[in-house]
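Let's take a walk through this structure together, one piece at a time. Have the sequence and the 3D view ready, and follow along.

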Amino acid sequence: MAVCIAVIAKENYPLYIRSVPVQNELKFHYTVHTSLDVVEEKISAVGKAMADQRELYLGLLYPTEDYKVYPSHMIIVYYTPVCMFFILIENILLYRHTRYGYVTNSKVKFVIVADSSNTSLRDNEIRSMFRKLHNSFTDVMCNPFYNPGDTIQSKAFDSMVSAMMVQAS
Amino acid sequence: MEAHEEKPIIYTMENKPIVTCAGDQSLFTSLYTSLAQQLPRESMEWRRSYGRAPKMIHLEANFVQFKEELLPKDGNRALLTFPFLHIYWTDCCDTEMYKASVKDDMLRWQSTLRLHGSVDWLIVVVESEAKKKNKTNILPRTSIVDKIRNDFCNKQSDRCVVLSDPLKESSRSQDSWSAFLTKLRTLLLMSFTKNLGRFEDDMRTLREKRTEPGWSFCDYFMVQEELAFVFEMLQQFEDALVQYDELDALFTQYVLNFGAGDGANWLGSFCTPVKRWSGLLLRRPIDMEKRELIQRGEASLLDLRSYLFSRQCTLLIFLQRPWEVTQRALELLHNCVQELRLLEVYVVQGALDCWVFLSCLEVLHRIEGCCDRAQLEANCSHTVGLWTYATEKLKSLGYLCGLVAEKVPTSEDLNRTVDLLAGLGEERPETVNSLQSPYKKLNEALSSVEAFEKHYLVSAMKKGDPERAEGFLDDSLRSYVAEGWSLQVTHTRKQMAECQKLLQQTEDYLQTSALLAGDANLTVEERKHFCQEILTFASQPPTVALSMAAFAQLRQMQFSPPGAVVHVGAALQLELRVRCLMPVAMQVEQLAATLHFSLEQGGARGRAGSAQRRAGHGPQGQGDGVVLFPQGSPLAGAGMGASLLPALELYEMQDRSPSDSSLTSTGVVCKNMHLLLRRHDSSASLDTPTAGALPAAVAVDDGAQMLRARDITLQPGDNSILFTAPVQPGSYTLRQLCGSVGRVQFVQSHIYPVVQYEVYSQEPQLTIEPLSDNLLAGIPQKVTFTIATGHYSVKKGDALQLSNTDSMPILHSSCCSATVLSSTGGQHLWRALSIQSSEKVTSISLPPTPPYHTLEFQLEVLCHIPPTPFKPDIERLTNGEVRHRPKNHSHADSGMINIDQKVSIDCPWSIYSTLIALTFYVPFKARHSILSAGKRKYIQVCLQNVSDTNFHLADPVLTERQPTVSMELLSLNVKTQQPVCSQQSVFCLWEMRWAKPLPLCLHCAFSASFAPVSASDTHTAFKPYRYEFQLDRAEISPPSGDQHCRTGALCGLEVSITRQAEPSETEGEEEESTEIEGLRTTKLMYEVVDNSSNWAVCGKSSGVVSMPVAASATHRVQMEVMPLFAGHLPFPNIKVFKYLPHNAVPAIQPDTDSCLENDTISLLDKGLDDQGDTASIRSRGSVHSVGSGEQQRGLPMPRLEPFSPGQVFYWSQGRQVLVLPVTDDHVMEVNVT
């Protein structure tokens, strides 16, 4: 279902980006990059209300219809305040339990581009994909050897993303 | 409602629920106006079935005359024309009249209604005072109403309403009106609920049949739309919209199912090829044209969608939700395109683009029509999607019809354009007069290239406006670079390269080309192409300076020697590792590194200083001389975001004052400030270097010193380049790196981290160091001569001239060789060394040594131990005690005695002699003591090894210096050779035998041989050790008198004081010596004291004598003593003091105690003078008790000063004299006491 999955840092540079049809990577990169503007707009528009709700899922970002190579893609953005801590498994537990205290709003963005000709994709499926992505990302962050801000090179993360992409086709 | 009524197109005004009126038409006509006004005035609550929320509703009605045709036939479900209520109006107040005509009319009306199953009716009886007045024989008013109720409303009495004087302004009339209206509304709502409920049930039944083969969506559509119409009629737009949304969802579901292979028959009609693509039409409330198509089942998918959306749009606008329209429109357009593809409908190429374009514009127009400008601008985010979509579509149409290409459209293009325009059909009548209609726009845009460009702002680049395009591209490139999107960066750069090529911005173009040629995101062919571009330009005249970053990356730099510090004349090599990013091998004519040269270092600083400084350099200070350049620099290719700025490199800085090295200031210094603090836009100049800055920098550095490497071929990937550094003393810092490929220069404007090397010049130096920790005197010791040649080159025949001293001869060793070390410590060469020695000098001829080498050789030297123990240092007295004076150069901890030996050396490079001090330590310390056993005397010599070396000691010999016959020294030492371990002592013993008289002074010499235990050949290595000492003797003659003294009897005591030694000079200063008739004397006071009360001193017990200052001067004093006990009594003690007369200045500051003592003694003297004749026997204590009070204290008193311990030798110490008891009295006396 997903054709491209990207994790974008707060400063809008890609921490991780991967797309399934490799030959048209540029197009996906552009798509993801363009979507960031919309994300920003959405976040700033919703502003505080959003933070209060703690709703991370921005929903369908914007649909495009392209008739050339890839019929159309749905871009869905997950906006996440991800806690940035570097060490210790205890912290993960703390995070799970007392979420409010430890979360810093890191504004990391997840973007999933899905093939919209795949009409069976439902909203909650996308949500669960994001939840998986978020969990995996948190694991990456918890790796003491991971330097926040670096591109993600975790194998676990990679395989998780692959799984989501395979699931698609 | 008011708001809508102002709108130009109010569709709902025509549709109101129909209420029929029967009976008296004229009566109704008179009441119609006020009825129509008052009915919607109040709202009613509408309770609804299926748990839907109740709503407040304003009712309106369309009152029409009752006709039988109005009543619906069976099966006709048209709700719009359905009469919801039937009213019968009458103002009959006459029973006769009622019975005659009105009742029949009513009955007929009722039967008609019943025939059609309509139960929603109402009878209104209008009463008026006027009528009553006319008719005199009126029945009570109620009777008519009662009759009617009786006749018609058998159970529903509320179906008959009385309206009193409706045209009059009375309270009664008002009340009846409101009652009537309430009734009317209630009944209307009841009718709605009932009829709509029935309708909905029917509709649902129909929907459930959708799986049956004959079912048609279009039919169902019509039915449900009817419901929607009714809701709309009732102003329930929300509900109406729900109906359409349901229809929409149902249709979408069918299409999706079709895609999944579950096709329905009726869908076939929607699969016909699309023939018309005239776009949405939103200006009419109901597009009857399309509705009819649907009704007939002839609508295409686009028709259906268009109609459905137009209805939704209308309702949404009624609901004041225009922004939802735009959102839904975009979804619809995407969806339609998808559905057409899913249903595999044939569409002429470009037709959909036309449709989408027209639709977008239509929606936008519609939205603009109902919003003001401010609102539109505030909500541009909602419309932007549509605009983009429209632009996109127009663009693709442009491409399709050959309107964008540089060349004119071909005939094929024109044909296609005509086809597309044909599909648009005629312009709709609504917009014919509007100049800006979407139809006109599209028509015009497609008609000619110019017009197309007018409508579609072509991407500037394509149409020969590369300047503007470049600006835009530059902006986007910056943001991509800053955010690290590598693919976009590459793509944009490619576009930019095209622009720059068109603009003939050679430098920028080459820079971009260089970046692209090194871009890993491109294919090798593309990269080669850009590389070729550079090479092409490189052969043409204008010199261009480009940033090195695109061309190559510095990886590391390695110094050889690794210290990066060399002396003048040495070779320093720099190996630069460069990763060439070009796809092909590049021929670089010259790679030059400009140097910044400073003289700050120079020879004076020496190597240690510079090495230390380099250690503080941080990244450079890796011991192997390798400087690694940081890789993730922002220009190292795309992909590195702005977040990856170089980290702060901070160093602590401490400034100490030169005098006392106290801290004067401290701080933190940022080493890579130039990277962090540069202006933000200047980072872009790395990609596109500004024209001015770089060439200037290059020009400046032309004259400066450079490291050059010529004609290098840089292969793709890592390359290694060797530079040889020039050697003039100073400190060099690499500043820039510049590679020239033809006329193109690649410049790296900063080299970071700082790369430095130093060239120094050094004076020759000679050092002599002991091989071991301490040099020991007496045995041969090796010393190392180290010559750092510095800039001096040792020629053949150069020699070191050592001036000989007797105390330290230089020992010759047969095979003497020198080591020559290069400054890097790499080479070891053994060279022969010849040593010639004459009486005065020893000449060491040095082997030829190049500059900046170290020459090392070893020589053996021997320092003789001075024969005597150093007189000024140690005072030995006859009692054998050794008295140490504080010495300047005694080894503080071990007590080793050292000898400083100065060596004067003439070096060939200097006219001055070099004085070098060597310190030798004497390994032994000797002490002697005299031991007595009865009358025998022994001399013991203790030899202590104070060094850390173990020795063998052999042949200890003690001899007299002036051998006397009377004296014989008998050795009691058994072994001739014994080991002395470090810090251990050896004792040797000799017995002294003598024939009387003993000499006053005995000069002895102790000598022994020693050799280190480690020495192989014991005998030759033995070195003599001599220790000479002197024994002096003081003598007191034994007391004369009876050998057999008796108690109680007086005996004579002769005290003999003999001066043994001449006073030393220091003592002389202390003592007061007086010259009497040419004879120097010192005054001495003696006192005979017997503390143990063995003796009683008779007469004077003390006195002052003048001793001549000459050795062996003797003074004898006769005294009388009386023994008090019998037996062997020890001799009485005799104390001797220095007697200092009163005028002498006391050398020692007297304290109160000593003053008191003086007093006492002088008192004693006085007493002695007074009582000299009495010669009475008194105890010592009684003398003190006779202290006279008349002693004048004010007089300056003479002083007594005791001798230091060991200065006085009591000859008679320990001697005893035998005293015999006299009589028994003595015993008795004992008893008494």
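Start with helix α11 (residues 322-342) and helix α14 (residues 380-400), both in chain B: their axes come within 8 Å and cross at roughly 35°. Helices here are DSSP runs of H or I with at least four residues, strands are runs of E with at least two, and both are numbered from the N terminus. The axes are lines fitted to C-alpha atoms, for helices over the stretch in contact, and the angles run from 0 to 180 degrees between N-to-C directions. The crossing of α11(B) with α14(B) is left-handed; that word applies if the near helix is turned anticlockwise from the far one by less than a right angle, while clockwise makes it right-handed.

Before going further, keep in mind that this is a predicted model, where local features need pLDDT of at least 70, side-chain atom pairs count only at pLDDT 80 or more, and totals for chains, interfaces and linings use all residues. Residues are numbered from 1 along each chain as its sequence is written, chains are lettered from A and ligands numbered from 1 in the order in which they are written, and side-chain values use heavy atoms, with hydrogens and water left out.

So who touches whom between these two helices? On the α11(B) side you'll find W323(B), T326(B), A329(B), L330(B), L333(B), H334(B) and V337(B), and they meet H382(B), T383(B), G385(B), L386(B) and Y389(B) of α14(B). Contact means heavy atoms within 4.5 Å. Sorted by type, the contact residues are 7 nonpolar, 5 polar and no charged. Here Ala, Val, Leu, Ile, Met, Phe, Trp, Tyr, Cys and Pro count as nonpolar, Asp, Glu, Lys and Arg as charged, and the others, Gly among them, as polar.

α11(B) has another partner: helix α8 (residues 237-259) of chain B packs with it at about 30°, the axes lying 10 Å apart. That makes α8(B) and α11(B) roughly parallel, a label for angles under 35 degrees, whereas over 145 is roughly antiparallel, 65 to 115 roughly perpendicular and the rest oblique. Their crossing is left-handed. Among the residues in this contact are F251(B) and L256(B) of α8(B), along with R328(B) and E339(B) of α11(B). The tally is 6 nonpolar, 3 polar and 3 charged.

Now hop over to helices α12 (residues 351-370) and α16 (residues 438-447) of chain B, whose axes come within 9 Å and cross at roughly 140°. They are therefore oblique to each other, and this crossing is right-handed. The residues of this contact divide into 8 nonpolar, 1 polar and 2 charged.

Next comes a sheet. Four strands of chain B form an open sheet in the order β13-β9-β11-β17, with antiparallel pairing; two strands pair if DSSP finds at least two bridges between them. At the edges sit β13 (626-628) and β17 (717-725) of chain B, each pairing on one side only. Strand β9 (residues 552-560) of chain B is joined to β13(B) by 3 bridges, and M557(B) stands opposite V627(B) there.

How far can you trust all this? Chain B averages a pLDDT of 71, and 72% of its residues score at least 70; pLDDT is the predictor's confidence in each residue, from 0 to 100. Over residues 1-13 of chain B the pLDDT is below 50. Where pLDDT is low, the predicted coordinates should not be read in detail.
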